Amino acid sequence: MRNLPTVTKYLLIINVIAFLATELLAPMGIDLTMLFGLHFFKASDFHLYQLITYMFMHGGWMHIIMNMFMLWMFGMVVENVWGSKKFLFYYIICGIGAGLCQELAQYGQYIVQDLASYQYVVAGTQRIPMETYLNMMTTVGASGAIYAVLLAFGMLFPDERMFIIPIPIPIKAKWIVLGSVAIELFSALSTSGDGVAHMAHLGGMLFGFLLIKYWQKHPYEGDGDFGMNKGAQFFDRMKDSWERHSSRSSGGGTKFHYRPNAESEQTRRESDWDYNARKKAEQDEVDRILDKIRRSGYDSLTDEEKRKLFDSSNK
């Protein structure tokens, strides 16, 4: 836990504490899910704060274990690249967006089934009053926000190869993301009553995609931009660096390109061999710095390393 970035660590802790509290208080007749889960907005138990609190509620051991595993696996990488402020902002906004999409899906169900025209719902031999039935339409879990984190990882490192059980071969992150979208979309359209908020998963990824695209088009400078200058400036560079590392590990070698122009021919007096050697050394240093960011975050860099990275990004 000491090596986890701050936000990821505390999100893990808060989720686990909330789940244990829910399990321990349930036998006493205190249902935290009913208080903090996201109810359908036409239900009497709906409150706006639930758009945030529902992300910290979970419906069982397997639910929280899978979500926390994905948060640990992908969250620590994305937070180290983006910084804590931007990662937290992204996580919360995508979680809220996921909840709004789930609310929209439930409203569609409410309209299609014309629930407003009925006073009760028949379930087996029971007649459930409509008010009670609407309050049962409750969403819990961090899955929407975590699917957005998976999307961010896939966009940061699209060619990173990963093993997914039970598939015996490594798969690139971008294909895992696209496969997740396809599975969730198919499940949302073809299944009902499976207890999984598929639209929340898709909603989290949708909001994440829109947010990342917005940040890419508005790369503001300064510390108040949720880490944009730490993430977006290196977004494409990290991808290129990762591809170079993959090429080297597969025996592809490193290619250097000499681009002569009038100015360089007049001012550069070193040989092509020395020029390529110098460029290789500079690129190796940049790759090392980018790897350090991926492992420990931007704030772990020394002033000299930050200067080198800034100088490299301006070339």
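Helices (H or I, at least four residues) and strands (E, at least two) are DSSP runs, numbered from the N terminus. The structure is a predicted model, in which local features need pLDDT of at least 70 and side-chain atom pairs count only at pLDDT 80 or more, while totals for chains, interfaces and linings use all residues. Residues are numbered from 1 along each chain as its sequence is written, and side-chain values use heavy atoms, with hydrogens and water left out.

Figure 1. Tyr-54 counts as buried because its relative accessibility is 2%; buried means under 20% relative accessible area, exposed over 50%, and partly exposed in between (1.4 Å probe, protein chains only). Val-140 is 86 residues from Tyr-54 along the chain, yet the C-alpha atoms of the two are separated by 4.9 Å.

**Figure 2. The largest nonpolar core, with 52 residues.** A nonpolar core is a set of buried Ala, Val, Leu, Ile, Met, Phe, Trp, Tyr and Cys residues joined through side-chain atoms within 4.5 Å. Leu-71, Val-78, Trp-82, Tyr-90, Tyr-91 and Phe-153 have the most contacts inside this core. Two or more residues each come from helix H1 (6-25), helix H4 (61-82), H5, helix H7 (143-156), helix H8 (173-190) and H9. The most are given by H7, with 11 residues. Beyond four places in sequence, Tyr-91 touches Leu-11, Asn-15, Met-55, Leu-71, Ala-142, Ala-145, Ile-146 and Val-149. A second, separate core of 10 residues includes Phe-40, Ile-128, Met-130 and Met-137. In soluble globular proteins, nonpolar side chains tend to be buried together.

Figure 3. The buried residues of H9 include His-198, Leu-202, Met-205, Leu-211, Ile-212 and Trp-215. His-201 is also buried, because its relative accessibility is 9%.

**Figure 4. Ile-176 in helix H8.** Ile-176 counts as buried, at 14% relative accessibility. Its contacts, leaving aside neighbours within four places in sequence, are with Met-162, Ile-164 and Ile-171. The C-alpha atoms of Ile-176 and Leu-151 are separated by 9.2 Å, and these residues lie 25 apart along the chain.

**Figure 5. Leu-25 in helix H1.** Leu-25 counts as partly exposed, since its relative accessibility is 25%. Ile-30 and Leu-32 are in contact with Leu-25 when neighbours within four places in sequence are left aside.

**Figure 6. Asp-114 in the loop between helix H5 (84-112) and strand E2 (120-123).** Phi of Asp-114 is near 50°, a positive value in a residue other than glycine. With 39% relative accessibility, Asp-114 counts as partly exposed.

**Figure 7. Cys-94 and Cys-101.** Cys-94 is buried, with a relative accessible area of 0%, and Cys-101 is likewise buried, at 15%. The structure holds 0 disulfides, a disulfide being a pair of cysteine sulfur atoms within 2.5 Å.

**Figure 8. Confidence along the model.** The mean pLDDT (the predictor's confidence in each residue, from 0 to 100) is 80, and 77% of the residues reach 70 or more. Over residues 221-235 the pLDDT is below 50, although this stretch has 38 contacts in the model beyond near neighbours in sequence. Residues 249-268 also have pLDDT below 50, with 13 such contacts. Where pLDDT is low, the predicted coordinates should not be read in detail.

Note on methods:
Contact means heavy atoms within 4.5 Å.
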